[in-house]
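This report describes selected local features of one protein model. The sequence and structure are shown first, followed by short sections on individual elements.

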Amino acid sequence: MRRIDEDTTAFSELQTGGVNMILYPTQYDIDDVKNGVYEEIRYQTAPGLYQQLFVFNLDAGSACADVRVRQAICYAIDKEAMWKGAFESSGYLANTPASMTQEFMEEMPDPYPFDLDKAKELFEEAGYGEGSTLICCVDNDTYRTTAYEMLKNNLTKIGITLDVKTGDNATYLGYVTGGVDWDLEIGLVVGEQVSMLIDNGFGDDIFEPFLSLLTDRPVIAVATHVHPDHTSGSGSFEEVWIGAEEEPMLKMLYGKESYDAGRKTLFGKTKVKFLSDGQEFDLGGRMVTAIHTPGHTWGSFCFYDSKSEIMMTGDTMNQRVFLQCAKPTIPLRRYRQSLCRIMEFHFEKYLGGHHPLPIKRAHIDHMLGMIDRFSPEKAKPYIREGMDGVDMYVEGRGYGDPDYCGFMFYRDELDEFLA
């Protein structure tokens with residue numbers, strides 16, 4: 001089985017014998033085969049389970065979090081025209097949540113007939129009048145890209161711009177997931193009386209709607225460190241706990257406009273409180289311990305949930321790369337001490353700041369061993385915009401290698417790094 005993204009390439013391979021069959025040929029090729037243009041090629045159809053769907057992003061910051069926007073889009077889809085124009089009348093119009101080829105499915109009335117006036121009315125009710133822009137993502141499938149262009153044309157008629165982002169499958173998944181580099185994992189620990197939110201992202205989310213779906217208890221907001229991808233959402237909370245050593249960076253990153261050092265408030269309303277090493281938070285039925293772990297930053301903290309026996313490390317320990325770019329430089333031995341400190345707690349897995357799945361404790365052992373084997377002469381320049389003068393030391397063959405691990409440091413501060 002081979003994946004061939006281009007329709008013309010797939011059909012060419014079928015003609016030359018490179019493949020024995022292809023799925024989902026274009027209607028043009030189907031017509032040619034039916035008309036006898038290719039004597040050796042046969043076309044067959046069979047009822048299938050496959051459906052073409054529009055999927056809405058329901059994240060709190062998305063326009064589609066508003067049901068009226070979703071309804072408006074549905075009214076703006078001319079399904080019959082799309083079926084005939086984009087999908088070349090293949091298959092049939094679906095008005096059920098699953099394919100009619102499945103047993104026990106019954107036809108349902110269409111709840112959203114094509115109606116641009118109704119679509120415009122709903123958009124305006126939701127606050128998306130003329131001049132508004134929506135973004136959609138689609139892979140480079142010919143049928144689907146044509147369908148989105150038809151929707152784009154309909155929305156243009158009522159003053160809505162549809163920004164269609166296309167690309168191969170990997171690019172499409174990158175659009176949908178937000179990209180690997182900035183995928184931030186936020187942790188919610190739910191106790192019997194109180195819940196704790198660990199880190200709060202870039203600030204492009206409104207937490208209340210989805211936190212209320214996960215917990216009905218008061219929420220304590222804490223941060224593993226103050227980098228913007230971990231604290232920019234702090235304005236959603238009355239207070240946020242951070243390491244005291246992070247305050248100089250807090251001032252530098254957010255400035256006087258956002259952080260009032262005298263009143264200790266962030267974004268004009270969020271009270272900043274400082275963590276202490278070993279501080280315990282009683283959530284009711286479970287204790288969470290704050291552990292000071294300098295390394296990624298001077299004021300980095302990890303959080304240990306004794307009930308689930310999970311360590312939440314933020315960027316102190318991710319699966320692959322530890323970023324050592326603090327100013328002033330944190331000695332490597334100090335970072336090693338931080339790792340040894342969290343290893344005193346009983347856990348088999350930890351949650352890093354940029355990985356969606358738990359990581360085995362053994363990976364910290366691997367990092368400790370790599371620190372002991374550190375050879376500055378084997379480090380190589382880290383090539384990335386804004387990271388001039390940074391070297392990276394790694395072991396392993398690359399991200400696909402489970403033994404790959406590494407850290408970064410400032411080249412001109414190597415003596416301080418090794419102090």
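## A residue in helix α11

Does S338 count as buried or exposed? The model is predicted, and in it S338 has a relative accessibility of 1%. Because the limit for a buried residue is under 20%, S338 counts as buried.

S338 belongs to helix α11, which covers residues 332-342. Apart from neighbours within four places in sequence, S338 is in contact with T293 and P294.

## Helix α5 and its ends

Helix α5 spans residues 116-125, and its buried residues are L116, A119, L122 and F123. These residues lie on the same side of α5 because they cover an arc of only 125° around the axis. In an α-helix there are 3.6 residues a turn, so residues three or four places apart point the same way.

At the N-terminal end, α5 is capped by D115, with a side-chain oxygen 3.2 Å from the backbone nitrogen of D117. Just after α5, G127 adopts a positive phi of about 90°.

## The seven-stranded sheet

An open sheet is formed by seven strands, in the order β3-β4-β5-β6-β9-β8-β7, with mixed pairing. Its edge strands, β3 (187-190) and β7 (259-260), each pair on one side only. Strands of a sheet pair through backbone hydrogen bonds, either parallel or antiparallel.

The antiparallel sense applies to β8 (residues 265-266) and β9 (residues 270-275), which pair over two bridges. Here L266 stands opposite T270 in β9.

Note on methods: Residues are numbered from 1 along each chain as its sequence is written. This is a predicted model: local features need pLDDT of at least 70, side-chain atom pairs count only at pLDDT 80 or more; totals for chains, interfaces and linings use all residues. Side-chain values use heavy atoms; hydrogens and water are left out. Two strands pair if DSSP finds at least two bridges between them. Helices (H or I, at least four residues) and strands (E, at least two) are DSSP runs, numbered from the N terminus. Buried means under 20% relative accessible area, exposed over 50%, partly exposed in between (1.4 Å probe, protein chains only). The arc is that of the directions from the helix axis to the C-beta atoms. A polar contact is a pair of N or O atoms within 3.5 Å; within protein, one must be able to donate a hydrogen and the other to accept it, and residues adjacent in sequence count only if both atoms are side-chain atoms. Contact means heavy atoms within 4.5 Å.
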